[in-house]
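Let us walk through the inside of this protein.

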Amino acid sequence: MSSTLLEVTRATHEDVERLERLIVKDLQTEPPTAKDRLHQSHRVRNMIELIMQSTHKLVEIYEDKDNARKDEIAALGGQTGAGTNVFSAFYDRLIEIREYHRRHPAARDVSVNDDYEQLLKEEPQIEFTGEEGFGRYLDLHELFNDYINSKFGEQIEYTAYLDVFSQLHKIPKKMKFTRQYKEYLQKLFDYLVYFFERTEPLQDLERIFSKVTSEFEEQWTNGNIQGWENEAHENGNAPAQHTVIDLDYYSTIEELMEVGPEKLKEALAAIGLKTGGTLKQRAERLFLTKDTPLEKLDRKHFAKVHRGSDQNGAASAPQSNEDAKDIALMEAKVIKLCDLLNETIVRTKENVEKKQALTFEEMEAEREEEVEQAQSESDDDEQQIYNPLKLPMGWDGKPIPYWLYKLHGLGQEFKCEICGNHSYWGRRAYERHFKEWRHQHGMRCLGIPNTKNFNEITSIEEAKQLWERIQERQGLNKWRPDLEEEYEDQEGNIYNKKTYTDLQRQGLI
């Protein structure tokens, strides 16, 4: 029965509806951890792909290019090749159905709660390196090494690289036509796309890039691309750096000879110069173009097929312009990806700075702790904790025993007005809180020192009254230097500070 085209169509529609309901059911559940959220996104993405596959299958059926659907509908109406025979068509279908069930005696309807429910429990396998922290951080160490060892890069720390790797407009334009930069840019683009697809599977990158391309085309036409201003309007001769070999990196002819004869031949042919001669002659001929424009070179250096600089410029300028446009477009896509991953980049930099302050043993301990925490979270998700009395949780994440709950008096509530009417459960927590930050902050706000005299005081009014009495008592017992500090004159007479100062001012001492 399932072999008929109409049954296949019905079953495919049912599959699509089931998958849509499963997606809604999955998204209604709030994932407790970032790992679960990532698994949920990939599950939904996989189900969306299944829906798309089924939809393409339905489109092919409805287009009916081979008229199979049309013939089957006609057969259901009794339209056969020999003419209209309703009864013969009916019995033919009956025989087909009986034959199907004879061959598949265990066939039954698949419920939504059976096979499809397993899709909600799947944990997709997602590959991440140790540095990526299951999608929380970027791992740009390989690209960082390429950057600092390149001629367009600079010697900086990894943390500084995380700030500048997205600022591609700061790289000089002449460096961007080198093969080294093109390979670096392609590798950076591929990594960011791969990372984004793993961490944001529900995002449509094709739509994002199509929007970037449309905006880029308009800005390129107007010459408003940062770092490529007016590049689209440049014409005439192609600059030397657009050739196969970048002459800015060579200061002598001997250094240029190390490139090899084939590379020199390709570079000479690209700008319309003669390609013959020895290795040294080719290097000398190409080296002339480093400081001398093509239009000022002697005609004897040009190949016969390229008589004049106008023809050479007309041939090379469009090619160089297309190369510049392709590089600029890829840079625009990289910058867009960096904007989308901005939070991840900031989080990566903070993680790197934190690691720099840790020893190797501390980093290993932290990594083991993260693994154990992830395992405990997965175990907790699988087991539902039964806690009808709503007992506090212990160190193992399970409710403490009831006898321990009664022993420590955790059912007794203590409120502290100084702490903002915060509740403390149990005598032990109540006594301990007088030395904790919340109570100390409340005392500082009242302008009262948090000493032992104020233990067991939780009322603001009582604390103020006690502080006033302490100040009064300190005022009576306070040492008064004017009256109690003693001074001796030359004759051995003893005076207090106030009397001694008065006599001294009068000139009597």
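A nonpolar core is a set of buried Ala, Val, Leu, Ile, Met, Phe, Trp, Tyr and Cys residues joined through side-chain atoms within 4.5 Å. Buried means under 20% relative accessible area, exposed over 50%, and partly exposed in between, with a 1.4 Å probe and protein chains only. This is a predicted model: local features need pLDDT of at least 70, side-chain atom pairs count only at pLDDT 80 or more, and totals for chains, interfaces and linings use all residues. Residues are numbered from 1 along each chain as its sequence is written, and side-chain values use heavy atoms, leaving out hydrogens and water.

The largest nonpolar core has 43 residues, of which L140, Y161 and Y184 touch the most other members. Two or more residues come from each of α5 (141-148), α6 (158-164), α7 (179-199), α8 (205-222), α12 (309-340) and α13. Helix α7 gives the largest share, 10 residues. Helices (H or I, at least four residues) and strands (E, at least two) are DSSP runs, numbered from the N terminus. Another core, of 15 residues, lies apart from it; A267, L273, L286 and F302 are among them.

Look at L140. Leaving out residues up to four places away in sequence, L140 touches Y158, Y161, L162, F165 and Y191; contact means heavy atoms within 4.5 Å.

Now the rings. The whole structure has 18 aromatic pairs. Rings of Phe, Tyr and Trp (its six-membered ring) pair if their centres lie within 6.5 Å; planes under 30 degrees apart count as stacked, over 60 as edge-to-face and the rest as tilted. F144 and Y158 pair edge-to-face, at 5.4 Å centre to centre and 75 degrees between the planes. F144 is in helix α5 and Y158 in helix α6, so this pair ties together parts 14 residues apart in sequence. F144 is buried, at 11% relative accessible area. Y158 is buried too, at 8%.

F414 and Y430 are stacked: 4.6 Å centre to centre, 20 degrees between the planes. F414 sits in strand β3 (residues 413-416) and Y430 in helix α16 (residues 427-432), so the pair ties together parts 16 residues apart in sequence. Both F414 and Y430 are buried.

One aromatic cluster is formed by F144, Y147, F152, Y158, Y161, F165, Y181 and Y184.
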